Amino acid sequence: MSAIPDFLSHLNPSQRQAVEHFCGPLLVVAGAGSGKTRALTYRISNLVMRHQVNPENILAVTFTNKAAREMKERIEKLFAEQLAQQDHGKALELLAPQQQTKLRSQVYKTITKPLWIGTFHSLCARLLRMEIEKYQDEKGRKWQRNFSIFDESDVQSLIKDIVVNQLNLDDRKFQPRSVRFAISNAKNQGWNPQELEANQQDFRGRVVAQVYSKYQDSLAANNGLDFDDLIRVLVQLLKQNGQVLGYWHQQFRHMLVDEYQDTNRTQYDLLRLLATNGTDTRNFKDWEHRSVFVVGDADQSIYSFRAADFKILMGFQQDFGDGLPDGDTRTMVKLEENYRSTENILQVANELIDNNTERIDKILKPTRGAGEPIYCYRADDELHESDFVIQQIRTLEQSHPELSWGDFAILYRTNAQSRAFEEGLVRWSIPYTVVGGLKFYDRREIKDVLAYLRLIVNPADTVSLKRVINTPRRGIGKTTLDRLMNAAQELGVPLWEMLTEETAVKTLAARSAKPILQFVEMMRHWQGQVETQSAANIIQGILEDSGYVRDLKNQGTDEADDRIGNVQELQNAALQYAEENTDESLPSFLANTALASDLDDLDEKTTVSLMTLHAAKGLEFPIVFLVGLEQGLFPNFRSLEDPAAIEEERRLCYVGVTRAQERLFISHARERRLYGSREPAMPSLFLSELPRDLLQTNSLSAIPSEPPHSAMSPGAKKKKMPNTHAMDWAVGDRLVHRGFGLGEVTHIFGGGNKICLAVKFPGIGKKIIDPNITVLDRVE
Ligand SMILES: Nc1ncnc2c1ncn2[C@@H]1O[C@H](COP(=O)(O)OP(=O)(O)OP(=O)(O)O)[C@@H](O)[C@H]1O
Ligand SMILES: [Mg+2]
């Protein structure tokens, strides 16, 4: 496959420059809808087609599993198209169906399957399945390759158990959720419990470090990892073991990352290690045969609550730039055309985000016509808002034959807002999908069956064992279990070993021992099948043997029937997984389900999509409804007092606006029932920031001209005044910022008059500021 690809003609010159970039580091920065993801996808194809890079040597990181799948599909299509031209001299769709299938499966085998495409989490899980046995943590503990991946609810209950039962603390003061959050943050900084403790000044911080330490003990005892560990442990392992690092450094010659602005510190460490084989990036010169290619948009950075840090994006050129001067065009490409949205939508987006102080100005030129005005609707309450949205969807769908349900999206700030829309959609029989909400994999029966499966793969997984040992009821009493648990804890072994340990069970009365021994025998049988049987077969077998489905059938309620349906759906998922992947084994299927994200439920072609703004990143829809623009809801009440948090909310709003291709509707209600009480609502600050001449409305007061008083953000009244001193800032300079107060310059990014400052504000933290657009008073 060495033909010169003609798909490059689908790109503009800057995109083409990015796509044709071969070796060395490259940062692509650009606003929403400018074709960053497209450039990344095409570049993978170009590496393989033009440069004959072996697909196995390419690692591409996407933000969701769904995006990974889509990327693979697009690459497959590009190649099949290319082959069709080359081998048959015509377009793929003009070939006979069998020929098309044959070409596609050829491309799948040789190109898309060997590519390493996925989220950070799924790629790391895959690497750890191969390498984790070479890792040991700071206490010398080891994990086995059949480790379990614990999901959020497993983690919360482990932490609650530690807080309440092991440390005898009040779980109202140390809420498992907030302790979990602090631990997760520490992990994302790459800290182990000792390192966290060393960084704590107060009592609470030290308690959290103690919980973290015990939590790691539990994970290790269960041969389990949580999501954050997938990345952190791999980074530790690569740091510990030069041989393993060297091997993967050789393997991943070309690394590509989408949505780089939402990368956190550990993810960055991982990239840097793999790219430079652990050499200090500034001394790394060996770029002749390898590349790191990242694309992002600092204006769409919306995950700082998960420790993502867009300064990582700003620092890319310096970090990977091989001693080249900052701003060197050889390490950066800017894309300036927007292909997604109409001119009106773009202008609304641009004016909105322009209210942020922490940003670098960007150019985003429209390539499409002006389009329709943006419609801003003021509703009486949330039901009225839902009526309006559904009425619009119905009318548009009927009057535009080219539109289908999948072309509509309703985007909101919090999951709780979906209910009113769901009820309306059900009433009108409009098919819809709520992305997120109670996920399929969070349902009780699915978690039960997954616990069986995890225990089959990883017998040390006591969390799963406790979940299933008496589900369905087998007459194993709580006292019996407690006795065995205590014995296991005393001996420091997993509970499973106590069950299989004849002596421990023998000390029980025969009546208690019998069901346990039967359970163990059944599980052992299936544990023996893991290597030889497919995931789907094992699921089928365990469902029958365990009596799980029989028990549900006996219950005979509608709810039980629903649960049976869901369990069957899990079997279907395993069958589908086997069709799409060559590794149909149970461990591989389990890793896949543990990492399935909210977005994977999205059936975009046939249903209206409902989702939070966070989930909408990277997606696009012809018609978008951005709902609930009310002060306290969006921007969220937690952000109202904090200028930096308001800016993050505004970026989220920018993400929402820029999802729309053709039409954008924005709505707010005068009062709203949310979380149980009915409250009057004020229009969002963001509404007052939109250009009035591009908005149509049902009521003049729908668009406030003044921002609400309580939520002034420093950006809201910002005047652009070029700073006369923009070029002579130095590290150590002190300054006053109108919103954040007194600060000190700690770092300078970029060069010439295109610099950005990192400024540390005591009590607020570090901020990135462009002195060309922000008024800063120097303190001499
Ligand atoms: N050169 C081009 N010509 C025509 N259409 C293009 C071109 N480049 C991108 N597009 C289209 O523009 C839309 C936006 O592209 P893409 O999703 O890659 O943008 P993005 O920069 O990744 O956006 P986001 O920041 O939201 O992730 C897509 O529908 C894509 O197919
Ligand atoms: Mg994108």
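Colleague: What should I keep in mind about the numbering and the model?

Modeller: Residues are numbered from 1 along each chain as its sequence is written, while chains are lettered from A and ligands numbered from 1 in the order in which they are written. The model is predicted, and local features need pLDDT of at least 70, side-chain atom pairs count only at pLDDT 80 or more, and totals for chains, interfaces and linings use all residues.

Colleague: Which domains does the chain have?

Modeller: Domain bounds come from an automatic or database domain assignment. Here that gives domain 1 (26–121 + 239–335), domain 2 (148–222), domain 3 (346–437 + 603–697), domain 4 (440–484 + 504–595) and domain 5 (733–779). Seven residues of domain 3 are in contact with 10 residues of domain 5; contact asks for C-beta atoms, placed from the backbone, within 7 Å. On that side of domain 3 there are three nonpolar residues, one polar and three charged.

Colleague: How do I read those classes, and which residues come nearest to ligand 1?

Modeller: Ala, Val, Leu, Ile, Met, Phe, Trp, Tyr, Cys and Pro count as nonpolar, Asp, Glu, Lys and Arg as charged, and the others, Gly among them, as polar. A residue is near a molecule if its C-beta atom, placed from the backbone, lies within 6 Å of it. Around ligand 1 there are 19 residues, of which G35, K36, T37, R38 and Y339 come nearest. The shell has four nonpolar, 10 polar and five charged residues, and domain 1 and domain 3 each supply at least three residues.

Colleague: What does UniProt list as "binding site"?

Modeller: UniProt positions use the numbering here, feature names are shortened, and annotations may be inferred rather than shown by experiment. The unreviewed entry lists A30, G31, A32, G33, S34, G35, K36 and T37.

Colleague: Where does K36 lie, and why does K36 count as buried?

Modeller: K36 lies in helix α2 (residues 36–49); helices (H or I, at least four residues) and strands (E, at least two) are DSSP runs, numbered from the N terminus. Buried means 20 or more other C-beta atoms within 10 Å, exposed 12 or fewer, and partly exposed in between, with C-beta atoms placed from the backbone. K36 is buried because it has 25 C-beta neighbours inside 10 Å. Not counting residues up to four places away in sequence, K36 touches V28, A30, V295 and L335. T37 is in helix α2 too, and its 20 neighbours inside 10 Å make T37 buried. Leaving aside neighbours within four places, T37 is in contact with D258 and G618.

Colleague: Is Q15 buried or exposed?

Modeller: Q15, in helix α1 (residues 13–20), is buried, with 24 other C-beta atoms within 10 Å. Apart from neighbours within four places in sequence, Q15 is in contact with G35, A39 and L335.

Colleague: Which strands pair with β11?

Modeller: Two strands pair if DSSP finds at least two bridges between them. Strand β11 (residues 374–379) has five of its six residues buried. Three bridges join β11 to the parallel strand β19 (residues 695–697), where L695 is the bridge partner of I374. Five bridges join β11 to β16 (residues 660–669), also running parallel, and Y377 has S667 as its partner there.

Colleague: What covers the buried residues of α15?

Modeller: In helix α15 (residues 343–353), eight of the 11 residues are buried. Their cover includes β9 (337–338), β10 (365–366), β11, α28 (643–657) and β16.

Methods. Two residues are in contact if their C-beta atoms, placed from the backbone, lie within 7 Å.
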